Amino acid sequence: MSDLFTLRPAASSDKPLLDAYCRAEGMDSIPGIDDVTVAQNASGEPVGFIRLAQGANGIWHVNPVVVYGAWRGYGVGRALTEAALEEKGELRMVARGAAVPFYERLGFTACSWDDVDMTVTEQCDGCPFFDECAPRPLSKRL
């Protein structure tokens, strides 16, 4: 990991800030803090997070990874994703097109839309920004 941040489970007091991070990225608020891991700086302030959701297919899905802009490039997203993969053994997701190269560097590969649980992909169906976002289903298994 890094001397700059540590990972911990999200606390209820984190939710307003995590939701603000989501809104800043054009996303909806997260529904709760279950299965959310936070990266915190030395002051204990969240600088990023990953939320996992277990699909009906039993596979864990990333929904989403968000890193506060000033903390990008310090390995926060990588650490969050790798820790989740280590814990769950397999992850699937729908990544925004701009984020795909990041996940490919982590070893994620394209998969079929059918491989991603519909409770995760339903946000893409009918989205007016689908073409702009260019979402891609990805997966990785240890």
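## Surface and overall size

The chain exposes about 7,700 Å², and carbon and sulfur atoms supply 50% of that area (Shrake-Rupley method, 1.4 Å probe). This is a predicted model, in which local features need pLDDT of at least 70, side-chain atom pairs count only at pLDDT 80 or more, and totals for chains, interfaces and linings use all residues. Residues are numbered from 1 along each chain as its sequence is written, and side-chain values use heavy atoms, without hydrogens and water.

Of the 142 residues, 42% are buried (under 20% relative accessible area, 1.4 Å probe, protein chains only). The C-alpha atoms fill a box of roughly 40 × 35 × 25 Å along the principal axes.

## Fold

Five helices and seven strands make up the secondary structure (DSSP runs: H or I of at least four residues for helices, E of at least two for strands). Their order from the N terminus is β-α-β-β-β-α-β-α-β-α-α-β.

Among contacts (heavy atoms within 4.5 Å) between residues at least 6 apart in sequence, 62% join residues at least 24 apart.

## Largest pocket

The largest pocket holds about 1,400 Å³ of space, a volume being the space filled by probe spheres set on the grid points. A pocket is an open set of points on a 1 Å grid, where a 1.4 Å probe fits, with protein on both sides within 12 Å along at least five of seven lines; lining residues have an atom within 4 Å of a point.

The lining has 42 residues, with Met27, Pro64, Val65, Val94 and Arg96 nearest the centre. β4 gives the largest share, six residues.

Notes: Buried means under 20% relative accessible area, exposed over 50%, partly exposed in between (1.4 Å probe, protein chains only).
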